Amino acid sequence: MNGDHIKESKRYMLGLSIEQKIKSVQNDLWIECPHSTLAIRMISNMVKSPPQIQAPCMLICGEGGSGKTSIVRQLKLISERWNEKISFFALNENPGNLNFRELLLDAIGASNSVRKKTRPSLPAELEEFITLRRVRALVIDEFHDALLSNRPEQLKTLSLLKGLSGEPYCLSVIGFGTSLARNALRHDAQLLRRYYIHDLPRWNESEVFRAFLAAFEENLPLKKPSCLYESASVKFILANTNGLMDNVVKLIKHSAIVAIKNEKEFIDLDVMREAISNPWAF
Ligand SMILES: Nc1ncnc2c1ncn2[C@@H]1O[C@H](COP(=O)(O)OP(=O)(O)O)[C@@H](O)[C@H]1O
Ligand SMILES: [Mg+2]
């Protein structure tokens, strides 16, 4: 077995112990796919457009498990090389239970100097920090969380968002969220008009899905090829995952672990059935 079906940089994995192979399968993996490439290209084009009085904004919309946070993570890495700076924050990572304004200041890096003052008025400090750090965009993961708080809090957040994308900050706000975020934006016609809404699709039977499966397989430490991109596997995977990214990734990972443990060393429909019946029984 020469491992030709595995990409060169990963072939060393065939020499690992069973426990190490399982860990390597369980690690998060990033496979480039057209959904994510398109989303990142749209964000790049938006951030690199000349400053406008009314900065363009975007909502990347997808259900839980569609790959939003993974795109944000990838964007963080890629955008480090851009001249235009992006600040990131996720509303679910909020152990201090800060409100939206405080989280925002945190994300921009302005919180230390600002919080010392009592009840700072947002605009003056923000303007200074945004200009100093050349921040052009704010990326907000779990955007729906910002918009689903109680009504008075929600109104404050909406007005803060409006303020950020207008003068003097002119920040592009790029939210990643579920359709709840889209519905919340609909409450405010003015805000909705500023947002371009882009939907992340589910997988379907297509060349791009076969390419995704082929690329995934090249990263698995299995001695034999599984040919997941062949018609029967593709149909089985779609039927059992509804094409949701998270379900697809879990099914392949759990199946790879079954195939390692039972020494079959490739994934077929039987292995996938076993993985579905109990993903943690290996
Ligand atoms: N391009 C990708 N390549 C490989 N795995 C991915 C990719 N995108 C998402 N995943 C995996 O799918 C799962 C769900 O993705 P996540 O980004 O958390 O979705 P969401 O934020 O929309 O709920 C995670 O386990 C993640 O590692
Ligand atoms: Mg997420």
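This is a predicted model: local features need pLDDT of at least 70, side-chain atom pairs count only at pLDDT 80 or more; totals for chains, interfaces and linings use all residues.
Student: OK, how many residues surround ligand 1, and which are the closest?

Tutor: The shell has 16 residues, and I31, G65, K68, T69 and S70 are the closest. Sorted by type, six are nonpolar, six polar and four charged.

Student: Which helices each supply at least two residues of that shell?

Tutor: Those would be α3 (68-79) and α13 (245-261).

Student: And how do I read polar contacts here?

Tutor: Look for pairs of N or O atoms within 3.5 Å. The side chain of S70 has an N or O atom 2.7 Å from an oxygen atom of ligand 1. For T69, again through a side-chain N or O atom, the distance to a ligand oxygen is 2.8 Å. G67 uses its backbone instead, with an N or O atom 3.0 Å from an oxygen of ligand 1.

Student: How much of ligand 1 does the protein cover?

Tutor: On its own, ligand 1 has 560 Å² of accessible area, and the protein covers 83% of that. As for where ligand 1 sits, that's the largest pocket.

Student: Let's switch to the backbone. What should I expect from phi and peptide bonds?

Tutor: Most peptide bonds are trans, and most residues other than glycine have a negative phi. Now go to the loop between α8 (151-165) and β4 (172-177), where you'll find P168. The peptide bond between E167 and P168 is cis, with omega about 5°.

Student: Where is C170, and what is its phi?

Tutor: C170 is also in the loop between α8 and β4. Its phi is near 50°, a positive value in a residue that isn't glycine.

How values were computed
Residues are numbered from 1 along each chain as its sequence is written. Chains are lettered from A and ligands numbered from 1 in the order in which they are written. Side-chain values use heavy atoms; hydrogens and water are left out. A residue is near a molecule or strand if one of its heavy atoms lies within 4 Å of it. A polar contact is a pair of N or O atoms within 3.5 Å; within protein, one must be able to donate a hydrogen and the other to accept it, and residues adjacent in sequence count only if both atoms are side-chain atoms. Accessible areas come from the Shrake-Rupley method with a 1.4 Å probe; for residues, only the protein chains shown count as cover. On a 1 Å grid over the protein atoms alone, a cavity is a set of points where a 1.4 Å probe fits but cannot get out, and a pocket is an open set with protein on both sides within 12 Å along at least five of seven lines; lining residues have an atom within 4 Å of a point. A molecule sits in a cavity or pocket if more than half of its atoms lie within 2 Å of its grid points. Helices (H or I, at least four residues) and strands (E, at least two) are DSSP runs, numbered from the N terminus. Ala, Val, Leu, Ile, Met, Phe, Trp, Tyr, Cys and Pro count as nonpolar, Asp, Glu, Lys and Arg as charged, and the others, Gly among them, as polar.
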